[in-house]
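Welcome! Have a look at the sequence and the 3D structure below, and then we will walk through some of the features together.

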Amino acid sequence: MSSNIKIPKFCTFCGQAFVAQKTTTRFCGHTCASRAHKQRVREKKVQDTLNDQIKDITSENLNAFRALPVQTTNFINLRDKDFLSIQEASILLGTSRWTIQRMIKSNRLPVAKLGDRTIIKRASIDNLFNQ
Ligand SMILES: [Zn+2]
């Protein structure tokens, strides 16, 4: 179906302005569309892995899990933090930090700036799920 409407939009992936012919178009072109798709697949894998790990946590292995000197250790502690960095928010959500940065850029995620640090309120992340 063709239409004559032209809608100025920002590409969800690269943030560039482009002219869409449909209200549902989200990307400036095929390149961004396929890159976004690949990224979603990757992010889903990470999320699935995290979900798997959470499912497997028992009171016995939780302490051992916390003692691991890797990022996933933080995942447990991050749930108790009120203020997060972009990096921490991305770990908590199981997304890339680019996804977080895109959300901030498009005003979907409110943040505060402390000097050159970006601080995200835990409540803002919770709010994403209350809309
Ligand atoms: Zn694009």
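## Ser96 and its surroundings

A residue is called buried if 20 or more other C-beta atoms lie within 10 Å of its own, exposed if 12 or fewer do, and partly exposed in between, with C-beta atoms placed from the backbone. Ser96 counts as partly exposed because it has 14 C-beta neighbours inside 10 Å. Before going further, please note that this is a predicted model: local features need pLDDT of at least 70, side-chain atom pairs count only at pLDDT 80 or more, and totals for chains, interfaces and linings use all residues. Residues are numbered from 1 along each chain as its sequence is written.

You will find Ser96 in the loop between α4 and α5; helices (H or I, at least four residues) and strands (E, at least two) are DSSP runs, numbered from the N terminus. Leaving out residues up to four places away in sequence, Ser96 touches Gln39, Glu43 and Ser90, where a contact means C-beta atoms, placed from the backbone, within 7 Å.

After α4 comes Gly94, with a positive phi near 70°.

The largest nonpolar core has 10 residues: Leu84, Ile86, Ala89, Ile91, Leu92, Leu93, Ile100, Met103, Leu109 and Ile120. Such a core is a set of buried Ala, Val, Leu, Ile, Met, Phe, Trp, Tyr and Cys residues joined through C-beta atoms within 7 Å. At least two of its residues come from each of α4 (86-93) and α5 (97-105), and α4 gives the most, with 5. In soluble globular proteins, nonpolar side chains tend to be buried together.

## Strands and sheets

Three strands form an open sheet in the order β3-β5-β4, with antiparallel pairing; strands pair if DSSP finds at least two bridges between them. At the edges, β3 (83-84) and β4 (112-114) each pair on one side only. Between β4 and β5 (residues 117-121) there are 3 bridges, and Leu114 has Arg117 as its bridge partner in β5.

Elsewhere, 4 bridges join the antiparallel strands β1 (residues 7-10) and β2 (residues 17-20). Their hairpin has 6 residues between the strands, and Gly15 there takes a positive phi near 80°.

How values were computed. Two residues are in contact if their C-beta atoms, placed from the backbone, lie within 7 Å.
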